[in-house]
Amino acid sequence: MTGDSRWRGIPPEVVGWLGALWGKSAGRAGGEANLLLSHMLDTAAVAEIIWDNYLPPVTRWRLEALAGGRDKGRRFFVWLCGIHDCGKATPAFQHVDAAGAATVRKAGLSWNKYAVAGKSWRHDKAGGRILRGLLAEAKWPQEHVDWVWPLVAGHHGSFPGLGQLTPPKRNEELQGKTPAWRRAQSALVEVFSRELGFAGEPVLGGVQPIDVPSRAVQLQLSGFVVMADWIASDERHFKGISDLSRVTMAGARKRAAAAWSKLGLRGGWGSLAVPGPETFQDRFGHGPRQSQELVLDVVRRMEGPGLVIVEAPMGEGKTKAALAAAELTAARHGADGVFLGMPTQATADPMFTQVRSWLREIEEGLEDQVALLHGKRMFNKEWRRLLDDAGEWGRTPTPATPRWVRTSTACPPRSARPHGARSAEPPPSGSSGAAAGC
């Protein structure tokens, strides 16, 4: 490995540390421990596929503007996802698996076992603290440091405050208080960043974004960090690699591509053409009423995505106006799906049929990605027929399952949310919301 450019300027002793720090124990990585650098690169490789195949156009546009360019946006997104587990390079985490701990100690990283044993210090918080310090050393403006470190510290669902980045009872042994641990943590982040194509001295200077995203975008990014981590943590697709010489971004990309193919995940309808005057007729078989045309005229003049409230008597055509407005908004502003929420199960059932018919007119096959999510959907004849046709009665979705069965978001052409998702939730970021009949 001495000729490997990744180790440029890194002492052989430190390279040995990187070859010992583990991210997934053998018991959770298919029988062989997965090195921490390997897991971070696996997650980054998954993030590349998420960017290319899943992110809504509007999200990519925002991240490109945030990072300062098209290629920079993708690379920065990938870095944000992959850097999430840098906090595992601490005694608090490395000591919990006996075999892994022995390897790390043998490589030369040690800790006071009496100060660490039985103590808890979460690796997400530890990672937030590590990254906050390294970004400051790289001369990042404080405003950028302040929004990036919480994405690491909160990647398990709870965002700590700055005052929570200190181990319990100020036990710095848990974080790694020796110069050796700080060097190992810095080297891990440096090597990871260079593997993604970042350059410069310091390398983190090349990662720095040029703008601060809104809180909504920060939360959306947090969700994608979690998504990438979950996929890359599946031992069925990411077997452990404990030999540092076999850990490469190229290898991680092969693993991620195979995992993505087996999972069958996909985005929504992608980029839509902006609907013209004839589109309403094409979608619904008749031209728009005056009230419906008024709604569409308002949406055409909106400078960005927003909330449109339509009040009209029953039978005026609010549902069709809402669907047409959602399509127009998505086409103009890069949303990748639609969420349709109804107040009751009884009103949701006919909407299921109408939404499928509307999507079929947009593109053949989109209607097969719609899911009906209320608790009594098995009593809906159309939903039952679709399940019967696919032979999926009561069966857990598999990679061979048609994509619409795996769609769990209520009425959008997007797929694959975790099992147990419910219909009573707001539109996901990157989708158009259509609340009809209100």
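Let's start inside a helix: Ser222 sits in α11, which covers residues 215-232. Keep in mind that this is a predicted model. Is Ser222 buried or exposed? Its relative accessible area is 7%, and since anything under 20% counts as buried, Ser222 is buried. If you skip residues up to four places away in sequence, what does Ser222 touch? The list is Leu151, Gly154 and Phe159.

**The chain as a whole**

Stepping back, the chain has 438 residues, and 51% of them count as buried. Its secondary structure comes to 18 helices and four strands. Looking at contacts with a separation of 6 or more, 76% are between residues 24 or more positions apart.

| Pair | Apart in sequence | C-alpha to C-alpha distance |
|---|---|---|
| Asp97 and Ala26 | 71 residues | 9.1 Å |
| Pro275 and Thr329 | 54 residues | 9.6 Å |
| Ser193 and Arg6 | 187 residues | 9.8 Å |

Take Asp97 to begin with. Asp97 belongs to the loop that links α5 (91-94) to α6 (98-107). How accessible is Asp97? The value is 23%, and because that is between the 20% and 50% cut-offs, Asp97 counts as partly exposed. Setting aside neighbours within four places in sequence, Asp97 makes contact with Trp22 and Ser25.

Pro275 is also a loop residue, placed between α12 and α13 (279-284). With 14% relative accessibility, Pro275 counts as buried. Its contacts, again leaving out neighbours within four places, are Glu327, Leu328 and Ala331.

Ser193, on the other hand, is a helix residue, found in α10. Its relative accessibility is 0%, so Ser193 counts as buried. Which residues does Ser193 touch once those up to four places away are left out? They are Trp79, Phe198, Val203 and Leu204.

Some backbone angles deserve a look. Most residues other than glycine have a negative phi, and most peptide bonds are trans. Against that background, Lys169 has a positive phi of about 55° without being a glycine. Arg170 likewise has a positive phi of about 55° and is not a glycine. Where do they sit? Lys169 has a relative accessibility of 87%, which means it counts as exposed. Arg170, at 67%, counts as exposed as well.

Then there's the peptide bond between Glu201 and Pro202, which is cis, with omega at about -5°. Pro202 is part of the loop running from α10 (179-195) to α11.

**Empty space inside**

Rolling a probe the size of a water molecule over the atoms shows where empty space is left. How many cavities of 30 Å³ or more does the structure hold? There are three. The largest cavity holds about 40 Å³ of space.

What lines that largest cavity? The lining residues are Ser38, Leu41, Asp42, Ile241, Arg246, Val247, Thr248, Gly251, Ala252 and Arg255. By class, that makes four nonpolar, three polar and three charged residues. Two helices, α2 (36-53) and α12 (249-263), each contribute at least two residues to the lining.

**Cysteines**

A disulfide is a covalent bond between the sulfur atoms of two cysteines. How many disulfides are there here, taking a pair of cysteine sulfur atoms within 2.5 Å as the rule? The count is zero. Cys81 is buried, with a relative accessible area of 1%. Cys86 is buried too, and its relative accessible area is 1%.

Note on methods
Residues numbered from 1 in each chain as written. Predicted model: local features only at pLDDT ≥ 70, side-chain atom pairs only at ≥ 80, totals over all residues. Heavy atoms only, no water. Buried < 20%, exposed > 50% of the residue type's maximum accessible area, 1.4 Å probe, protein only. Contact = heavy atoms within 4.5 Å. 1 Å grid on protein atoms, 1.4 Å probe; cavity = no way out; pocket = protein on both sides within 12 Å on 5 of 7 lines; lining within 4 Å. Points joined across faces, edges and corners; volume = space filled by probe spheres on them. Nonpolar A, V, L, I, M, F, W, Y, C, P; charged D, E, K, R; others polar. Disulfide = S-S within 2.5 Å.
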